[in-house]
Amino acid sequence: MLQTSAGTPGQLGLRLQAFVCVLFLCVTPAALHPQCLDFKPPFRPDRDLEFCIMYREFGCCDRQKDQELMARYYRIMENFTERGHKSCAGFVLELLCQECSPFAAHLFDAEDPSTPLRTIPGLCPDYCSQFWNQCRSIIPFLSDYTPLNQAKDDQNRFCKLLELDDADYCYPHLLSNHKLNQNLGRVQKDSDGCLQLCLEEVANGLRNPLAMVHANDGTHRFFVAEQVGLVWTYLPDRSKLEKPFLNITKAVLTSSWEGDERGFLGITFHPKYKYNGKLYVYYSVEVGFDERIRISEFKVSTNDMNLVDHTSERVILEIDEPASNHNGGMLLFGDDGYLYIFTGDGGMAGDPFGKHGNAQNKSALLGKVLRIDVDNNDKGPLYRIPSDNPFIHEPGARPEVYAYGVRNMWRCSVDRGDPHTKEGKSRIFCGDVGQNKYEEVDIIEKGCNYGWRAKEGFSCYDKKLCTNSSLNDVLPIYAYPHRKGKSVTGGYVYRGCEHPNLNGMYIFGDFMSGHLMSLKENTNSGEWKYNEICMGMGLTCAFPGLINNYYPYIISFAEDESGELYFMSTGTPSATAPSGVIYKVVDPSRRAPPRRCHYEPLPVRVRSNLIQFVPQETENTSEAEPTRTYELLLDHLDRLSEREQDRTTPAPIRTTRSPQSPKRKGRGRKGKGRSRSLSELHNGVVRLVRDEFLHGDRGRVEIYVHGEWGTVCDDLWSIKNAEVVCRQLGFKYALKAARNAEFGEGKGLRILLDDVHCNGTEFNLLNCIHAGVGNHNCAHYEDAGVICGNSKPSEEA
């Protein structure tokens, strides 16, 4: 049996007891930064440790590492007599086992990967003195670091070398440091109870990325859809294929206007995609003067596993849209193998269609959750009705309807269930965007009425309908008022492997406020506990590759094939602004044990060039400020409130029509108009036009002011001016300030700005010095343009 201490029997045992007692206690403000020598968070070992038992509950060693340290211990102790063994065994054990400490990176001065690693952990002065007096002869067996061995005969010099800059982390005092240990191993919270999480950037430069899905085919690829109608393939190493997986931009109806809800809205792969190659998409189209949502089936190419056969499209379902907003857009396959389609209520405000609105009308497909069977559809009907659909025998009801009374469900997901118990498996969660008071989260069940337009959240919206005894609606599991956010983005219940603390936590967000939020079910009471999610402050996210900031417009959430959680957001909510980023959610307080989450992706045959991933966000430092979503919200709401009531949306260039276009046969705008939304532009918005088409990174600068688009005409147009435009569009750099109508003359528009002088930091061109809106002394042959990019320009440029 090993001795417990060097000359003070039982002291180590007391220290171990104190350490174990403070593990996994109540939550307090985050201040600690546990980190292992591999620069990752600590974990709970899969198997009990035999040697470093003080860290068997939580630390940085698995059974394999524990056995390695024990073998090293015996090799060292072979050099000592029984007396030396009795005096020094406890010291050797303690010093070796600090590699297993949750704070190993601090003890060995390894927080910075560029600094040399200590060979003996940082010691508190009193402990170092005791060690030196009793066991200094053992130093050469513990360390080959020359300065330490040269100082082994000088106590002051030796212990000075083992001091840590941060004395809070010296051994063994850190074991009894209440501040460091009281919440060890749990998700950190700030003083307001906000969960402290971190992010890892996964992809960038995307134009309103609104879906990220996997094919569940073992390749661990992920497919990212942009609102314009492009779907990109990403490999497990996060490289992107240069050629898109799917390109239906010519068919998709959308525009560059911020907040336009039309476009490519959803994609899902058939559960048997590995065998039948089928996938399904949801997008907006224009047929004559009518706008519709279309659900189509495609097949993957037989020649290229990373390319859809575009000739294989079969339209499964089309639904007429009476307005340009509330288009729904979610597609998913449930665990029952059926395809679920989530439609909006048809748009405008208050679901004004018919006596009780579309959502309460089971003979309409809008405002519904639809469920259809698309298996075995190569011959015969494109889809069939599942025999247990709830309204299949109700006169007048559409048999596709699975649930009703929804307003505009934006992002839904299927719960994979607890990895061990499978509790919660197959539940479908949705975020349903509210009207003007509340946002809500629902669990979708067969035949249920989710209340709209009678109710919004838990409150009445249509008071007459709300008091109807036949409503029999299902209440949401959570609803929040518009002071917290104005457009819910549904998320996922985390069931991944890498972050055990997050298991069972439903994580979602809000598009308008940028808030990240979570719900956790109390399985005994059935109640859901709410916690806001904040970006980790201070050192919380100080791990390689992690960041604590994100773009505020949260568009969508996603799971990868192994169940890890992601979200997509953008700095400019326009279908043409390449400021979209995909972030992976990371819990910095605890990870899974090494090798538990390992998987081997199946090989992918690539026939396209690869674009290697280069992160744009900088890694977190202790001085970095986390994302301030609330301030951004207030700024944005202030801008919204300043809009003129009579502002109209101009027609976009060529192939697209503005949202809520009046050019609809039989669809006059009578009575109360729709409520204002993001699709109304604010002064200063810019777009880039080339050859009379919208372009993402280059073109003639056109600016929106007081209800109209116009050009910027300036023979002294500068790179500082261009920087303002490019940053506003989501790019990091202005590569060129183009003059003299290099990208064509905007002859059909008024010249709105001239003599613009920016310093490069302004929010938009209207904040720069200029001659006044509409005042100019130039012509269209001097129209200004820009070229933007995310790669730093060369000095010559």
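Predicted model: local features only at pLDDT ≥ 70, side-chain atom pairs only at ≥ 80, totals over all residues.
Residues are numbered from 1 along each chain as its sequence is written, and side-chain values use heavy atoms, with hydrogens and water left out. The structure holds 30 aromatic pairs, and the count of disulfides comes to 14.

- Burial is assigned from relative accessible area, with buried meaning under 20%, exposed over 50% and partly exposed in between (1.4 Å probe, protein chains only).

**Aromatic pairs and cluster**

- Rings of Phe, Tyr and Trp (its six-membered ring) pair if their centres lie within 6.5 Å, and planes under 30 degrees apart count as stacked, over 60 as edge-to-face and the rest as tilted.
- The rings of Tyr550 and Phe567 have centres 5.3 Å apart and planes at 85°, so this pair is edge-to-face; it links Tyr550, in the loop between strand E24 (528-535) and strand E25 (553-559), to Phe567 in strand E26 (residues 565-570), 17 residues apart.
- Phe567 also pairs with Tyr583, with ring centres 5.2 Å apart and planes at 35°, so this second pair is tilted, and it links strand E26 to strand E27 (residues 580-586), across 16 residues.
- Tyr550 is buried at a relative accessible area of 8%, Phe567 is buried at 0%, and Tyr583 is buried at 0%.
- One aromatic cluster is formed by Phe429, Tyr478, Tyr480, Tyr506, Phe508, Trp528 and Tyr530.

**Charges over rings**

- A charge sits over a ring if NZ of Lys or CZ of Arg is within 6 Å of the ring centre and within 35 degrees of the ring normal.
- The charged end of Arg136 sits over the ring of Trp132, 4.1 Å from its centre, and that of Arg407 sits over the ring of Trp452, 5.4 Å from its centre.

**Disulfides**

- A disulfide is counted where a pair of cysteine sulfur atoms lies within 2.5 Å.
- Cys88 is joined to Cys135 with an S to S distance of 2.0 Å, and the torsion about the S-S bond is about -105°, so this disulfide is left-handed; it links helix H3 (residues 82-97) to helix H5 (residues 125-135), 47 residues apart, and both cysteines are buried.
- Cys194 is joined to Cys534 at 1.8 Å, with a torsion of about 100°, so this disulfide is right-handed; Cys194 lies in the loop between helix H9 (178-181) and strand E1 (195-206) and Cys534 in strand E24, 340 residues apart.
- Cys194 is buried at 5% relative accessible area, whereas Cys534 is partly exposed at 22%.
- Cys497 is joined to Cys597 at 1.9 Å, with a torsion of about -85°, so this disulfide is left-handed, and Cys497 is partly exposed at 24%, as is Cys597 at 23%.

Key
Helix = DSSP H or I, 4+ residues; strand = E, 2+ residues; numbered from the N terminus.
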